[in-house]
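Hi everyone, thanks for coming. I'd like to walk you through a structure that may be new to you, so please have a look at it before I start talking.

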Amino acid sequence: MTPRGWAVLTLGGLVLALLVASIVLVPWSRPPAPRADQVAALGELPVDQVAHAREFRSALRPGAYGALVVGLLVAVLLGLTPLGARLVELAGRPFGGHWTARAVLGGLAVVLLADLLTLPFAAWRQSVLTRYGLSTHGWSGWAVDLLKSYAVSAVIGAIALLGFYTVTRLAPRWWWAFGAAGAAGLVVLLSFVLPVLVEPVFNRFTPMEQGPLRTELMAMAARDGVPVRDVLVADASRRTKAVNAYVSGLGPTRRVVVYDTLLREATPAEVTSVVAHELGHAKDRDVWTGTLTGALGAALAVVALYLLGSWGPLLRLAGVDSVAEPRAFPLLIALVTVAGLVAAPAQALLSRRVEARADAHALALTGDPATFEAMQRRLAGVNLADPDPPRWEYLWSASHPSTVERMAAARAYAREAGR
């Protein structure tokens, strides 16, 4: 069998594995959230709060969707015309056009150009956050974080680009196989490395101080049978007033992180409810699930790019001879960008299902639906979340159930439990 035949077979296997993982590991049943309860919950929220949140979200949309459109247009223009290949050549010219310079500097130049062209929309977002009082660190802090983000992305991108194009040169007929394995491995590695090496670049993390709240959270984790390395507090208040918490890392790097803003804004019982939700992610190994599906998706993408990249019309549009050469990197970016837009609703759906399961876990673990519902009200109010967003936007990009869905789920649980 030819390498292309093996690639087709591998693609089919990866698609099947991804489907099986999604069916088995992602919860497709969800806690009941009757629409009548959602409407009732929406009606009980302060009218001015809902109007303010919707005004805020409307102010964000032009920048968000403008960046999406410009990013797509830039990717298509560079990837489906010879312009991208010429940019890669230009970046490598000071180094004699060596393939490593084209691969690393050319690839980073393509990404940087796209970032710079969408930078005005990022600034738009920052201006809106500042105007509505969510941002606390000003333009200088925003610029520093932006530069940090570029630096981290450049380091990871340079390593990935150098590794990928080294493989294409050493194994010109089978690079797709090694590249798929490498992409999957990189996803797994980053799941371990990001919490330890990258997150501290943007925030300072300190162990939650000793006291009744920490004792309760650690006891709850033990009662839940979830090994947690620590409960950390992130100094999020230096850049935002928003409240949040999350679980990150795998194995020895797993930790629950709570924003310091959450500790200031919420009651201890509400913080406990939020952490119970995060323990649900750990209990059900959602980080592992995300890592596995991400690794399978990355491997699948590499094989699909190999198969699509051998299509003559695409290569001629991009002005390249092979998808495996550094000059073809803009073509790869264009294909990945389009695929990401197509896959966005499915990814959002999977995320909402996982988050709904974590909500159900929090309700069962704490047995306190009233506090859970109060916490959802507080989250929506402080974060200026639209409690019942437009349906099209919800289906397209919502990673969590809406506020009214979560409140309705709490009410359904309370009725079932007789509380």
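Let me begin with a term we will need in a moment: a crossing of two helices counts as right-handed if the near helix is turned clockwise from the far one by less than a right angle, and as left-handed if it is turned anticlockwise. Please also keep in mind that what you see is a predicted model.

With that term in hand, let's look at helix 8, residues 212-224, and helix 10, residues 268-283. Their axes come within 10 Å and cross at roughly 30°. The crossing of these two helices is right-handed. Are helix 8 and helix 10 roughly parallel or roughly perpendicular to each other? Angles under 35 degrees count as roughly parallel, and helix 8 and helix 10 are therefore roughly parallel.

Now compare that with a second pair, helix 3 and helix 14. The axes of helix 3 and helix 14 come within 9 Å, and they cross at roughly 50°. That angle makes helix 3 oblique to helix 14. As for handedness, helix 3 passes helix 14 in a left-handed crossing.

How many salt bridges does the structure hold? There are 19 salt bridges in the structure, and I've picked three of them for today.

Glu44 is partly exposed, with a relative accessible area of 48%. Arg377 is partly exposed too, at 30%.

Next on my list, the side chains of Arg61 and Glu393 meet in a salt bridge, with 2.9 Å between N and O. Here Arg61 belongs to helix 3, residues 47-79, and Glu393 to helix 15, residues 391-397, so the pair links parts that are 332 residues apart in sequence. Are these two side chains buried or exposed? Arg61 is buried, with a relative accessible area of 18%, and Glu393 counts as buried at 15%.

Arg411 lies in helix 16, residues 403-417, and Glu373 in helix 14, so parts that are 38 residues apart in sequence are tied together. Arg411 is buried, with a relative accessible area of 16%, and Glu373 counts as buried at 9%.

Which residues join up into a network of salt bridges? They are Glu44, Glu373, Arg377 and Arg411.

From charged side chains, let's turn to nonpolar ones. On the surface there is a nonpolar patch made of Val15, Leu16, Leu19, Val20, Ile23, Val24, Trp28 and Leu349, and together these residues have about 730 Å² of accessible area. Where does the largest share of the patch come from? It comes from helix 1, residues 3-25, which contributes six residues. Trp28 is found in the loop between helix 1 and helix 2, residues 35-44. This tryptophan, Trp28, is partly exposed, with a relative accessible area of 38%.

Arg285 has a positive phi of about 55°, although it is not a glycine. You can find Arg285 in the loop between helix 10 and helix 11, residues 286-309. Leu384 also has a positive phi, near 55°, and is likewise a residue other than glycine. The place of Leu384 is the loop between helix 14 and helix 15. Which of them is buried and which is exposed? Arg285 is exposed, with a relative accessible area of 57%, whereas Leu384 is buried at 9%.

Ala101 is found in helix 5, residues 99-131, and counts as buried at 8% relative accessibility. From Ala101 to Val287 there are 186 residues in sequence and 35 Å in space, C-alpha to C-alpha.

How values were computed: Residues numbered from 1 in each chain as written. Predicted model: local features only at pLDDT ≥ 70, side-chain atom pairs only at ≥ 80, totals over all residues. Heavy atoms only, no water. Patch = residues over 30% accessible without salt bridge, like charges linked within 9 Å, V, L, I, M, F, W, Y side chains within 5 Å. Areas by Shrake-Rupley, 256 points an atom, 1.4 Å probe, with all protein chains shown as cover. Salt bridge = Lys/Arg side-chain N within 4 Å of Asp/Glu carboxyl O. Helix = DSSP H or I, 4+ residues; strand = E, 2+ residues; numbered from the N terminus. Buried < 20%, exposed > 50% of the residue type's maximum accessible area, 1.4 Å probe, protein only. Axes fitted to C-alpha atoms, helices over the stretch in contact; angles between N-to-C directions. Parallel < 35°, antiparallel > 145°, perpendicular 65-115°, else oblique.
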